[in-house]
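Here's a quick briefing on one protein model. Have a look at the structure, then walk through the points below.

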Amino acid sequence: IKDDKELYDSYANYIMENLDNRITQVLVANPLLEQYIRETYPGYPIVRSILASENVYYDDSDKYFMSVLRKHKNTDFDLLKSIKNKDKIELLINETCEENCPRAYTHYLEFSKIQRYKNNSGEEIHNECSYDRRYNFKKFHESPLCLTRDKIKEIYEPMGFKHFKISGRGSHGSIVNYYAHYMVKPEWTWDFMSMMMDAIVRDGM
């Protein structure tokens, strides 16, 4: 949100009006937008984005329906154990970056700008990562920050976490790979990926 004029975007408000069923959630990072939604569409459960603050990693109070934890805190077990209301926390599970990436927050912010303005914002956006990355979407499950199905079952669920989210930013190929890993039985993985990639190519997505 650049200014309050964007709050009155007709298409965005049309969507909000038609999905206001007290079930559909809305993810917010901007305080101006959050206030507008709370006042105009009070029925929406509000989820706090990781972009809400660079230094405050979560908010497990009743202010939010849920709070998304920064992916780079997935292995900070002292922090994880200190969270009182773990039912209020959503964990992003498919991370390909390094644990100590110095651009973790700005990277995600820049991806958000690209998605929002489709490179037509008029400002220069740098989303390249100069940091040495050992993991890509094909090897994402090798990243220490990635929560594989086994890690979720053996470590995070016993700690009390039960809300897990696949990050959807990335290429079609990477997203297909993520869904195949988390949502498809191993014996059907390659059939699923082949079918999905054929559909992407066929439909020109």
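This is a predicted model: local features need pLDDT of at least 70, side-chain atom pairs count only at pLDDT 80 or more; totals for chains, interfaces and linings use all residues.

Residues are numbered from 1 along each chain as its sequence is written, and side-chain values use heavy atoms, leaving out hydrogens and water.

**Around Tyr156**
- Tyr156 sits in helix H5 (residues 149–159); helices are DSSP runs (H or I) of at least four residues and strands (E) of at least two, numbered from the N terminus.
- Leaving aside neighbours within four places in sequence, Tyr156 has contacts (heavy atoms within 4.5 Å) that include Phe77, Leu80, Leu91 and Phe164.
- Leu80 and Tyr156 are 76 residues apart in sequence, yet 9.3 Å apart in space, C-alpha to C-alpha.

**The sheet**
- Five strands form an open sheet in the order S1-S2-S3-S4-S5, with parallel pairing (two strands pair if DSSP finds at least two bridges between them).
- Strands S1 (26–28) and S5 (164–165) are the edges, each pairing on one side only.
- Strand S3 (residues 66–69) is joined to strand S4 (residues 89–92) by 3 bridges, and Val68 stands opposite Glu90 in S4.
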